[in-house]
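Please look through the sequence and the structure shown here, and then read the briefing below alongside them.

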Amino acid sequence: MIHRFAVGDLPCAVISDGQPEPPWEPALETFFTPGTGVPPEELRAAVAAEGRGRTTVRCGYNCLCVETPAGLTVIDTGLGRDFGGYGPEVAPLVGRFGERLAEAGFSAADAVAVVFTHLHEDHVRGAMWPGEPAFPRATLYAHAAEVAFWSGAPPSVPPDQREPALEAIRVFGERLRPVEYGVEIMPQVRAVEAAGHTPGHMAVLLESRGQRLLCTGDSFHDPLQLGHPTWRTPGTPTPSGRYAAAAHCWSGRRRRTSSYWPTTCRSPAWAGSPGTATPSPGGRSLPDPCLIPARPGP
Ligand SMILES: [Zn+2]
């Protein structure tokens, strides 16, 4: 999938790195568990209210390309080619970002900036395969707390999370530039606090000519979380207070953000416009990242 749209004067393209298909999509009850703060009865009620009869979480891996006045900026890079970590059945379905970037008319050498919402492998591996930076001219950005956390991650952190993050930090070397929340990384592209999924997780706000889009990264994986922002997802290391920060980011910006785009949304169907909608258990179903003139700030 290549989905083009614009935020003001910023041409954008969401390029899918791929996604598991049934039966490899995770079941809702194995994804949202009491351990992630989701009581079974609450999950059943939310699914029933949604009224779609679905049983799985439809996760995708999406990368957002933004043509800024200073050059092409890529936000998250997917799993990269030849990724077999999710098993042989899933491997052919993912790792497509590189070829689709070319289909979209871009070259990896065009990118002057690569921004990571966080350093999980499904966001960074596409920028370091095969063991060297895949974007030869780009400066790479992640939040300072994210780089610090993974650099000193204790052995208790699962190896499948720790090792790719450390490899990314090693491969990127001095080209990886830690940033703070609030920094304008590129013109009209700003880091926004959204710690929780990981300690230094950030959202990325695009803003141009009165239009805004918040790329929420892994703050949300499923439309059900829009109505239940305290629901965590597997791999979110808790404590819940950290996740609450992401929820705060969501609610606090609702009135000022024209639309949002979760990294993992499978299709544009549930990207939406919190500026105009109260998140419901089913989320919004819109054909595009619905862009509207931004409202005055609070
Ligand atoms: Zn993640």
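**Briefing on a predicted chain**

Of the 298 residues in the chain, 47% are buried, where buried means that 20 or more other C-beta atoms, placed from the backbone, lie within 10 Å of the residue's own, and exposed means that 12 or fewer do. This is a predicted model, in which local features need pLDDT of at least 70 and side-chain atom pairs count only at pLDDT 80 or more, while totals for chains, interfaces and linings use all residues. Residues are numbered from 1 along each chain as its sequence is written. The secondary structure comes to eight helices and twelve strands, which are DSSP runs numbered from the N terminus, with at least four residues of H or I for a helix and at least two of E for a strand.

**The sheet**

- Seven strands form an open sheet in the order E1-E2-E3-E4-E5-E6-E7, with mixed pairing, and two strands count as paired if DSSP finds at least two bridges between them.
- E1 and E7 stand at the edges with a single partner strand each, so one side of each has no neighbour in the sheet.
- Strand E1 (residues 2–7) runs antiparallel to strand E2 (residues 10–18) and is joined to it by six bridges, with phenylalanine 5 opposite cysteine 12 in E2.
- Two residues lie between the strands in the hairpin of E1 and E2, where glycine 8 takes a positive phi near 60°.
- Strand E4 (residues 71–75) pairs with strand E5 (residues 111–115) in the parallel sense over four bridges, and leucine 72 stands opposite alanine 111 in E5.

**The nonpolar cores**

- The largest nonpolar core has 54 residues, and Cys65, Val114 and Val204 have the most contacts inside it; such a core is a set of buried Ala, Val, Leu, Ile, Met, Phe, Trp, Tyr and Cys residues joined through C-beta atoms within 7 Å.
- A second, separate core has eight residues, including Phe31, Cys59, Leu224 and Trp231.

**Helix H6**

- Helix H6 (residues 159–172) has 14 residues and reaches 19 Å from its first C-alpha to its last, close to the expected 20 Å, which is 1.5 Å times one less than its number of residues.
- In H6, Pro164, Ala165, Ala168 and Phe172 are buried. These residues are on the same side of H6 because they cover an arc of only 100° around the axis, taken from the directions from the helix axis to the C-beta atoms.
- On the other side of H6, Pro159 and Arg170 are exposed.
- After H6 comes glycine 173, whose phi is positive, near 55°.
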